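I open this notebook to record what I looked up, entry by entry, with the structure on the screen beside me.

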Amino acid sequence: MSSAVIRVRDLGKQYRIGTHGPSYKTLRDRIASGLRFRRPSADKPVADRFWAVRNVNFDIPEGEIVGVIGRNGAGKSTLLKLISRITEPTEGEIELAGRVRSLLEVGTGFHPELTGRENIFMNGAILGMTRAEIVSKFDAIVEFAEVEKFIDTPVKHYSSGMYLRLAFAVAAHLEPEILIVDEVLAVGDAAFQKKCLGKMNEVSRQGRTVLFVSHNMVAVENLCSRGIMMDHGQIVFDGPVRDAIAMYLAGSDSEPGQDLRESSARRAGTGEARITRYEIIGLEGTLVRAGDPFTIRLHYECRQRVKTPVFCVSILTRSTLPLFTIFTKDLDYQIDEISADGFIDLQIHSPNFLAGSYILHLGITDAVESGWKDHVTDGAELEIAEADVYGSGKLRGASFGVLFYNCTWSLTSSPATLVASTSSGKN
C-alpha cells in the first residue's frame, strides 16, 4: 500500500431504478383492468441502471483536509458512504490506513434506546478502543457536546441539535485516523458550526485526515487546502481549494440566491409587497472576501401597487448586534411606485466586515406610512471569507472583531528619549 491514508482506484457504484415486478395497483385499477381486454405481452417493466459514482481515482495523505464539493446529485454523499464502508462498491477498490469515523447524517451510529453515555462507549468499542481509552475522552466529549444534563437520557428523547452535537463530539474525540463529515453540520447553529470547524482543524494538526462535504463555500475555503469537485458521479477537478470553488461557482446553473417565501416564522408586514429571494453577488460569484465590494439583490413581488416604496437592508452580528442599516431614502433614492415583480440592488462599494457569518434583515416600507409592507428577520445570511485586508500577508478572521478600517500607525519619539536610548545601548 502507498503512503496515502486514503487510496481510491477506479471506484464505481451502480444503482438500479425502476420496477422489477408488478407495480402496485389500487382497487379501482384492478377492477378496470379486469374489464378490459389486454393482449398478452412478454414485455415486463425493466429497471434502469445508473452510476452514482464512476471512474473515481485519488490519494489523500495523512493530515490533509479535503473539501468535496458539487451540486446536488453529483455523487458526493455516495462517495463518502463508499469510503465509510456503509455501502459496497460495484467496481474498483478503496484502501484505508487507519480507523474511520463518519458523520453523514444526524445520529449516525447511535442506538435510540441507549443513553448518551452508553452510545459513547458503544461507538468507542466499535472503533476498537479499550474502555480506559474511552473513559479518558469521555469528559471532553460531554463538554464539547454540551449535553451533560442529559447524558443518561436515551438519545431518542434528544432534540436534533443535541443529537448532532453529541454525534460530532463522539466522531471527533475518539481519535479516528480518518474523519468524514457530510453536510450534516448545516443543521447546527452558527456557533456550533464554528466550534466544529475549529475542532476539525485541530484534528488535522494532530496528523489525522478529514474529508468534508459542504455547500458552504466560505467554510470549505477556510477549512480546506484541497478541493475535489464532482459532477455526474465523476471527479472533474482535484486541486487547490480556491480553484475548485471558482469552478463550482462558475458552473452553477441553479437559480441563484436564497428563497425566502417559506420564511414565515419571523416575518412581519401587510404583505402588499414581499421579498421573495435575495442574492449575494461578489467578485467571485457568490463568494465574498473581506474588503471586496459586493451587491445584495432583493427580489420582490407586488400583490398590489405600493406608492413611494422604501427598501431597507440591515447587517447584524450573530448575536443580533446591528452593524449597519441603510434605507433607499437615506441616499435620496426615490421610487415613485412598484406595481409589478422585480428586484433592487444595494451595492456596497467599500465594506469593512471581517470574515464571519452575519444576519441580514430585509424590508419594504413606504415614505408616507410608518408600517412595514414586509420585514424579514429570519432566513437571510451573509458569509464573508477571510482575506489579507491590511496587505500584511496575514489573514484576519472574526477572532479579531467584526470590522476593519483603512488606517495607519505613526510613532513620534522625543529627542530626549532617543538620546537616552542610545546612551543606554552604548553602556
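**Entry on helix 4.** I began with helix 4, residues 131-145, whose 15 residues reach 20 Å from the first C-alpha to the last, which is close to the 21 Å expected at 1.5 Å a residue. I keep in mind that this is a predicted model. I then asked which residues of helix 4 are buried, and I noted Ile134, Phe138, Ile141, Val142, Phe144 and Ala145. As a reminder to myself, residues three or four places apart in an α-helix point the same way, because there are 3.6 residues a turn. Just after helix 4, I saw that Glu146 takes a positive phi of about 60 degrees.

**Entry on Val56.** Next I went to strand 2, residues 48-60, in which Val56 lies. Is Val56 buried or exposed? Its relative accessible area is 0%, and since buried means under 20%, I wrote Val56 down as buried. Setting aside residues up to four places away in sequence, I listed what Val56 touches: Val8, Arg9, Asp10, Leu11, Leu79, Met230, Gly233 and Ile235. For Asp10, which is 46 residues away along the chain, I noted a separation of 5.2 Å between its C-alpha atom and that of Val56.

**Entry on strands 15 and 16.** I looked at how strand 15 (residues 309-316) meets strand 16 (residues 322-327), and found that they run antiparallel and are joined by 5 bridges. Ile315 stands opposite Phe324 of strand 16. In this hairpin, 5 residues lie between the strands, and Thr320 takes a positive phi near 65 degrees.

I traced an open sheet of 4 strands in the order 10-12-13-18, with antiparallel pairing. Strand 10 (258-259) and strand 18 stand at its edges with a single partner strand each, so one side of each has no neighbour in the sheet. Strand 10 is joined to strand 12 (residues 273-281) by 2 bridges, and I noted that Asp259 has Arg277 in strand 12 as its bridge partner.

**Entry on the second largest pocket.** Finally I turned to the second largest pocket, which holds about 360 Å³ of space. Its lining is made of 16 residues, with Thr328, Leu331, Asp345, Leu346 and Gln347 nearest the centre. Which strand gives the largest share of this lining? I found that strand 18 does, with 5 residues, while strand 13, strand 15, strand 16 and strand 18 each supply at least two.

How values were computed: Residues numbered from 1 in each chain as written. Predicted model: local features only at pLDDT ≥ 70, side-chain atom pairs only at ≥ 80, totals over all residues. Heavy atoms only, no water. Buried < 20%, exposed > 50% of the residue type's maximum accessible area, 1.4 Å probe, protein only. Contact = heavy atoms within 4.5 Å. Pairing = 2+ DSSP bridges. Expected span 1.5 Å × (residues − 1). 1 Å grid on protein atoms, 1.4 Å probe; cavity = no way out; pocket = protein on both sides within 12 Å on 5 of 7 lines; lining within 4 Å. Points joined across faces, edges and corners; volume = space filled by probe spheres on them.
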